[in-house]
Amino acid sequence: MAAERRVILEEEQIQLQNILREFLKNSEAKGVLLVDLSGALVTQQGYIQRFDTTSLAVLSAGTISSTKQMARVVGENKFTDLFLQGKRDHIYLSLVGTDAVLVVIFDNSTTLGLVRLYARQTGRALRQVLTR
């Protein structure tokens with residue numbers, strides 16, 4: 001878990017939203033959330049009105065926490081990515097530095113490979129804003 005919650009300035013919030021919008025355009029995902037590891041929703045973009053984003057944020061942070069423990073059991077420091085596959089909707093979780101997680105919701109109109117590719121690029125851009 002994150003040791004302390006960082007305050008996001010308005011200028012940084014705008015930058016984060018722009019980065020997430022670019023991610024959605026490139027990856028063709030339905031929606032994306034940026035969540036801190038305490039489960040707080042930092043920002044979101046895309047078509048996600050039908051989802052309870054507060055619950056999704058908290059559950060994503062908890063999932064990342066539990067996968068860290070699973071990684072330790074098998075001798076890894078951490079797992080950085082997690083893919084959850086459903087019939088029509090899928091979720092991809094990717095750590096952003098040490099304090100946040102990118103939560104991507106997508107369907108069969110795009111591919112996991114495309115989501116992963118742009119999630120890595122997006123993660124780097126998000127880290128630059130979050131570590132200032």
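Helices (H or I, at least four residues) and strands (E, at least two) are DSSP runs, numbered from the N terminus. On that basis, Q69 sits in helix 2, which covers residues 53-73. This is a predicted model, where local features need pLDDT of at least 70, side-chain atom pairs count only at pLDDT 80 or more, and totals for chains, interfaces and linings use all residues. Residues are numbered from 1 along each chain as its sequence is written, and side-chain values use heavy atoms, leaving out hydrogens and water.

**Fold and dimensions**
- The protein chain holds 3 helices and 5 strands, in the sequence order α-β-β-α-β-β-β-α.
- With a radius of gyration of 14 Å (over C-alpha atoms), close to the 14 Å from the globule rule (2.2 Å times the number of residues to the power 0.38), the chain is as compact as a globular protein of its 132 residues.
- Along the principal axes, the C-alpha atoms fill a box of roughly 35 × 35 × 25 Å.

- Carbon and sulfur atoms account for 52% of the accessible surface (Shrake-Rupley method, 1.4 Å probe), which totals about 7,500 Å².

**A look at Q69**
- The C-alpha atoms of Q69 and V58 are 17 Å apart, with the two residues separated by 11 positions along the chain.
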